[in-house]
Amino acid sequence: MSETAVKKIFFRPDRSLLTPFNITVGIIMFIGLILTIMRFTGGLSAVTNLDDNYPWGLWIGFDLMAGVALAAGGYTTSAACYLFGMKRYHSAVRPAILTAFLGYALVVFSLHYDVGRPWRLPYPIFYSPGTTSLLFEVGLCVALYLTVLFLEYSTAALEWLGLKKLRNIIYKLTLVLTIFGVILSTLHQSSLGALFIIAPSKLHPLWYTQYLAVYFFISSMFAGLSMVIFEGSLSHKYFHDKMDETYLKEHDGLVLGFAKGASFIMAGYIVIKIIGIAMDNNWHLLGTGFGIWFLVELLGFVALPCFLYAVGSRDKNFSLIKKASLITVLGIVLNRLNVSLIAFNWYLPLKDKYIPHLGEIGLTIFMITIGIVAFKFIVTHMPIFYEHPDYKDSH
Amino acid sequence: MSVSRRKFLAWMGGAGLSTAFGTKAYAASNKQFKGYPDTMGVLHDTTLCVGCRSCEDACNKVNNLPQPEKPFKELSVLDKTRRTDSKTFTVVNKYDNSKEPKNPVFRKIQCNHCLEPACASACFVNAFKKTKEGAVVYDASVCVGCRYCMVACPFNIPAYEYDKVLDPKVVKCTMCHPRLLEGKLPGCVEACPVEALTFGKREDLLKIARERIRKYPEKYVNHIYGENEMGGTSWLYLTGVAPEEIGMREDLGITPAPNLTSGALAVVPMVAGLWPVFLTGAYAISKRKEKIAAEEQAEAVSKAVAETNTAAEEKLAKALEKAAKEKEAAIQKEVKKALEEAAAKAQEEDKEEDA
């Protein structure tokens, strides 16, 4: 790429750099940079409230646990389109894959802040594999799935760069990559829940069950579908001019279809959650403080959006569906935080409970901002919401 | 760059199989691992402990740990409940005695050195190892610092050096493994002035503990804490009050930690084996549906075309027939007309002749 082309992409002479968006991003980046320096010169204690009772905090609970669940739109959308023959949702695949790719990339990036010796992150796979650990499975699957997502996303980047040959080779792998992606997602989405199966004495009995792995996997499906709806409605608002006719034509059908799908899966999820309580005979715990909190999660953030999705897709009420998707996304975040932080060490007195440090919150916002900026850059320059004119009808 | 499918499946299979056949965990079988033969341990008789903190002092010296803020002679430290941290491998806590309110109970806390350690089964780089001597040891040279061991430990023992930048370690009691190899006693056991700590073969310690309970049934609770908890630990406790009252959880169960996760791990090779088949099947079905739909569509079109054609031919034939009939009729009409004209002409000629 020539220098002028680079300049054209990054610095538009026709537009001022001092937009409110750029200023906000600049401030967050600056704070993030300072926090990064503090983390890598002062250790974890300089920017986190982690302690010996709470070795995992916001970065694992939100950035990793919730982040991975919300990035599930990648495998759900591509599986629906390529494996289950729902071709009419084709135009949603690229935005979903991009969101997933950026999501996973940021998960791995924020892990570098959280682990003590990030340069050893390849150790479990290449140097000293501890195969009895569920974290080994999570690590292996996330590493492989990030590669798969990168390849799936790369066709868009290669079209943008004009590298036709390479693009066509990777494009031929679509089916294999999709199948591979679903296997890897099944495994690591569920293992993230299974991580806590080793700690029955620490996690509150309402959240601790042998079914944790199943719960995490099933909830990742409607998390993914909801995130595609949620992200799509935001994109509609801000990137409408980038969308081609096919995308716009297919979008409404996609929202209705995904809302219906999410509603069904959530209904099933509620059933298996109740089965979980029945299996362990934990009914009496529902009357306690944690029990009420459990019901808030299950009724307020699963049953309610499940109902709203059902009504919304029946009445073709798009604003209702959008609201339901937002509640579902928040509900997934709440569930992952409950398992990893809030209901974890539930017996500890309040003074010993973990409350995130401002530095942890700051770096989490930093990560999200990087994701938004990267997303914005990619959708403004690469064929995500539209088909590249050179590759029309290749699908 | 991507890893080949075969290699991936091998890894996945390995993850599951190692739980089935590994030496560490006897999961997925009904065998119970009772620990290495002749494994060593320590018996802590809490009814004898006087809370002098000599063990803490000895541990600090033996392991070259930094000096604490208050000296080990200072017993006011006991008023607060403490836990192990990165600078302390062991602590003694004071608890109210429900039996004799005047005599508080003291209990020493350190790594219990499980027979099947949760930390070892949770570690994704094998940094923890149960030695045949009984100690669970940690290898900092492979540790990534993920702290999953701390999440996994049911006794809340491993601590972490949160303030270290380049070489943070997980820290816990080593049962003085290096000293054991030299034939010495663990530092704390050696230092205990009242023999509240007894070092020996775990089997022998269990016998001693049972004997004490038999001899003094009114002094001890009939329970050797650590005999079965989480599958058994190398450290064993005798108590005069319920273990729960002196901060030891009684709801841990007797399942060794590796058995808890073996089910989830056993599913891995199944998913890796079956999903490709199911998904390719789903793809084939949807492809076949598309193909059938396309064929049906083509058939319907050709049928429609054929129907239209026959209809058109029939119409044409009818039209032709009609045209032919009309033509014939016209000819007959013309012939008739011509005949009539001829007849009329002949009549006229006859008239002329008559005239």
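## A loop residue in chain A

A:N281 sits in the loop between α12 (245–279) and α13 (289–315) of chain A. Helices here are DSSP runs of H or I with at least four residues, strands are runs of E with at least two, and both are numbered from the N terminus. A:N281 has a positive phi of about 50°, although it is not a glycine. Most residues other than glycine have a negative phi.

This is a predicted model, where local features need pLDDT of at least 70 and side-chain atom pairs count only at pLDDT 80 or more, while totals for chains, interfaces and linings use all residues. Residues are numbered from 1 along each chain as its sequence is written, chains are lettered from A in the order in which they are written, and side-chain values use heavy atoms, without hydrogens and water.

## A loop residue in chain B

B:M230 also has a positive phi of about 50° and is not a glycine. Its place is the loop between α7 (202–215) and β9 (235–238) of chain B.

## Where the chains meet

The contact (heavy atoms within 4.5 Å) takes 66 residues from chain B and 65 from chain A. B:F124, B:V151 and B:Y162 supply 13% of the area that chain B buries against chain A, more than any other three residues. Buried area is the accessible area (1.4 Å probe) that two parts lose on being put together, summed over both.

## Salt bridges

The rule finds two salt bridges across the interface. Each joins a side-chain nitrogen of Lys or Arg to a carboxyl oxygen of Asp or Glu within 4 Å. A:K87 pairs with B:E290 in a salt bridge, their closest N and O atoms 3.4 Å apart.
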